[in-house]
Amino acid sequence: MAYGFFTMTKVNLVNLTFQQLEALIAIVEEGTFSRAARRVHLTQPSLTKHIQNLEELVGVPLLLRGRGGVSLTAEGRLVFHFARKLMKVREETADRLSRLVNGEGVEIEVAASTIPSVYILPKLISLFRQGYPQSKIIVVSSDSAGVTEMVEEGEVALGLVGYKPSSGRLVAEVLGPDRLILVASPRLYPCQKEVHGFSELCKLPFIVRERGSGTQEMVEKWLREKARLNLHQLNVVACFGSSEAVKEAVLAGVGVSFLSHRAVTRELKLGLLREIPVEGDGIMRYFYLIYRRTQRFLSYEKSFLDFIRSTFGGGLVE
């Protein structure tokens, strides 16, 4: 008994064009070549040529021409449905691109260290969305070292950090100042007397941040420059991975810590925390807006970048 085998023919659509598919759709929907030609603004011979080229690519006829008009072959129905889906995707893509170019319905991703992400960006985003109500801001939180790495590796276009990165691949713009103050729970430190001398400071139970924190780096720098002390000379009783965790530990009476004044404003007003005066006015630092020197911003990203600059310059995020 003899058995027959089908020979598989691979159809190559590398040279397929949108114009060919548009011609097919127009003919099927209009019913005649003449009406279809007028719809797509082509001469009838040009339209016919597009269909012939499409049928040559597929390798089989796609249309049946008869007295009753034009109908599709089985292969033609497959190509027709594909063409309509592709046209829809093209229209949706064009629409989304137009919205992105015009700053409508956009997504902007920014990385930020703890203080900017918790105490600065929420208010700033609220203000920005008043002018760009369709925008969506995605905030990726990390410590300053993590944010710097994300920006440097191109994972995000913009970053906000609490110290100036040393990398020559990055631009670091000064945005605004911040003050780190020593705070404690009134239960742990009931009086408001000033800490006199660094020997007295070393006796206090300290809560610190992890390595990579901009806050922690500034505290250690201040200790080195002001008292020639290092972290190991403090009475460190706990270490946490975020300013919020440190603040909760201070509120619980675990120890004292240097925290951004922005992070404890509410607790100071309510009397839940107390500032411990130290020599001088605390530790001053700055926030930085960072991005790669080679970064090419899209129009809506540049709008957000300019908004951050002007908002900080206007003092609206204090």
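Visitor: How many disulfides does a search of the whole structure find?

Guide: A disulfide calls for two cysteine sulfur atoms within 2.5 Å, and in this predicted model a search of the whole structure finds zero of them. The reason can be read from Cys202, because its closest cysteine sulfur, in Cys239, is 17 Å away, too far for a bond.

Visitor: How confident is the predictor in the protein chain, and where is confidence lowest and highest?

Guide: Confidence is read first as an average and then element by element. The protein chain averages a pLDDT of 86, and 90% of the residues score at least 70. Helix α7 (residues 198–203) has the lowest confidence, with a mean of 80, while strand β5 (residues 158–161) has the highest, at 94. Over residues 314–318 pLDDT stays under 50, and for this stretch the model has eleven contacts beyond four places in sequence.

Visitor: Why is strand β7 described as largely enclosed, and in which sense does it pair with β8?

Guide: Burial is judged residue by residue, with under 20% relative accessible area as the cut-off. In β7 (residues 205–209), four of the five residues are buried, so the strand is largely enclosed by the rest of the structure. β7 pairs with strand β8 (residues 235–240) in the parallel sense over five bridges, and the bridge partner of Ile207 in β8 is Ala238.

Visitor: Which contacts does Thr215 make, leaving aside its neighbours within four places in sequence?

Guide: Thr215 lies in helix α8 and is buried, with a relative accessible area of 5%. Once those sequence neighbours are set aside, Thr215 is in contact with Leu180, Arg209, Ser243, Phe258 and Arg285.

Visitor: Which residues touch the most other members in the largest nonpolar core?

Guide: A core is read through its members and the elements that supply them. The largest nonpolar core has 35 residues, of which Leu160, Phe304 and Ile308 touch the most other members. Among the elements that each supply at least two residues of this core are β3 (107–112), α5 (114–131), β5 and α11 (299–313). Beyond its neighbours within four places in sequence, Ile308 is in contact with Leu124, Leu160, Leu175 and Leu289. There is also a second, separate core of 22 residues, which includes Ala184, Phe198, Phe206 and Val256.

Visitor: What covers the buried residues of helix α6?

Guide: Seven of the nine residues of α6 (residues 144–152) are buried, so this helix is largely enclosed by the rest of the structure. Its buried residues include Val147, Met150 and Val151, and also Ser144, Thr148 and Glu152. Their cover includes β3, β4, β5, β6, α8 and β11. After α6 comes Gly154, with a positive phi, near 80 degrees.

Visitor: Is Lys136 buried or partly exposed, and where does it lie?

Guide: Lys136 lies in strand β4 (residues 136–141) and is partly exposed, with a relative accessible area of 45%. Apart from its neighbours within four places in sequence, Lys136 is in contact with Val106, Glu107 and Ile108. Lys136 and His50, by contrast, are 86 residues apart in sequence and 43 Å apart in space, C-alpha to C-alpha.

Conventions:
Residues are numbered from 1 along each chain as its sequence is written. This is a predicted model: local features need pLDDT of at least 70, side-chain atom pairs count only at pLDDT 80 or more; totals for chains, interfaces and linings use all residues. Side-chain values use heavy atoms; hydrogens and water are left out. Buried means under 20% relative accessible area, exposed over 50%, partly exposed in between (1.4 Å probe, protein chains only). Two strands pair if DSSP finds at least two bridges between them. pLDDT is the predictor's confidence in each residue, from 0 to 100. Contact means heavy atoms within 4.5 Å. A nonpolar core is a set of buried Ala, Val, Leu, Ile, Met, Phe, Trp, Tyr and Cys residues joined through side-chain atoms within 4.5 Å.
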